[in-house]
Amino acid sequence: MHPLIQLCLLVAFALAQPAFAAPIDDANAAYQRGNYAAAEKILLPLAEAGNAYAQYRLGLVYLEATDEMRSPEEASKWFESAALQGQPHAQYKLGILYVNGNGVSRDFIQAYMWLSLSTRHVAGSGSEAVRQRDMLAARMSSSQIAEAKKLVKSWRPMKFETETPPPQR
């Protein structure tokens, strides 16, 4: 690639990053204040555009809202969309939802897979994911664990297509 093109791309990416950072910061602040409607308003367009972190945060909004916005089913859709792209915090949350059957059907194999995948990239809370996965393993048969490990081994992140809505449940 021509050095001038490389330089232009580098500058474009450097300038584009703050464009996402400011709205995400605003959404995080609204979320911390418990203003889930404001957080949703900011995060939804970013999530629909494929931003995995925005999808994860939007999932948190729907999971933790205390009013009619609370929807574990909607949260699971956004966690899954982010998790499929490799967002480790979303993978952890999705794994916990599968353990408890909250917003999704209880599925220990899927739970084990998502918890295992999240441990690959989350240093601080990785130990919690390991702990949750190991507690879950005690409730699983050896064939279920083998099947889950096979899924972990073959898993690859997907690229989010903006024309494709998040997975439907």
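Which pattern does the protein chain follow, read along the sequence? The pattern is α-α-α-α-α-α-α-α.

## Overall fold

This is a predicted model, in which local features need pLDDT of at least 70, side-chain atom pairs count only at pLDDT 80 or more, and totals for chains, interfaces and linings use all residues. Residues are numbered from 1 along each chain as its sequence is written, and side-chain values use heavy atoms, with hydrogens and water left out.

The protein chain has eight helices and zero strands. Both kinds of element are DSSP runs, numbered from the N terminus: helices are H or I with at least four residues, strands are E with at least two. The chain has 169 residues, and 44% of them count as buried. Buried means under 20% relative accessible area, exposed over 50%, and partly exposed in between (1.4 Å probe, protein chains only).

## The nonpolar core

The largest nonpolar core has 49 residues. Such a core is a set of buried Ala, Val, Leu, Ile, Met, Phe, Trp, Tyr and Cys residues joined through side-chain atoms within 4.5 Å. Those with the most contacts inside it include L43, V61, W114 and M140. Each of the helices α1 (3-32), α2, α3, α4 (72-84), α5 (88-100), α6 (108-119), α7 (126-137) and α8 (142-154) supplies at least two residues of this core.

M140 is in contact (heavy atoms within 4.5 Å) with F108, I109, Y112, I145 and A148, leaving aside its neighbours within four places in sequence.

## Helix α3

Helix α3 covers residues 52-64. Eleven of its 13 residues are buried, so α3 is largely enclosed by the rest of the structure. Among them are A52, Y56, L60 and L63. N51 caps the N-terminal end of α3: a side-chain oxygen of N51 lies 3.0 Å from the backbone nitrogen of Y53.

L46 sits in helix α2 (residues 36-48). Its relative accessibility is 11%, so L46 counts as buried. The C-alpha atoms of L46 and L58 are separated by 9.5 Å.

## Aromatic pairs

How many aromatic pairs does the structure hold? There are four. Rings of Phe, Tyr and Trp (its six-membered ring) pair if their centres lie within 6.5 Å; planes under 30 degrees apart count as stacked, over 60 as edge-to-face and the rest as tilted.

The rings of Y31 and Y36 have centres 5.7 Å apart and planes at 70 degrees, so this pair is edge-to-face. Both residues, Y31 and Y36, are buried. For W114 and W155, the ring centres are 6.0 Å apart and the planes at 75 degrees, so the pair is edge-to-face. This pair links distant parts of the chain, with W114 in helix α6 and W155 in the segment after α8. Ring pairs also link Y53, Y56 and F79 into a cluster.

Definitions and conventions. Expected span 1.5 Å × (residues − 1). Polar contact = N/O pair within 3.5 Å; in protein donor to acceptor, adjacent residues only side chain to side chain.
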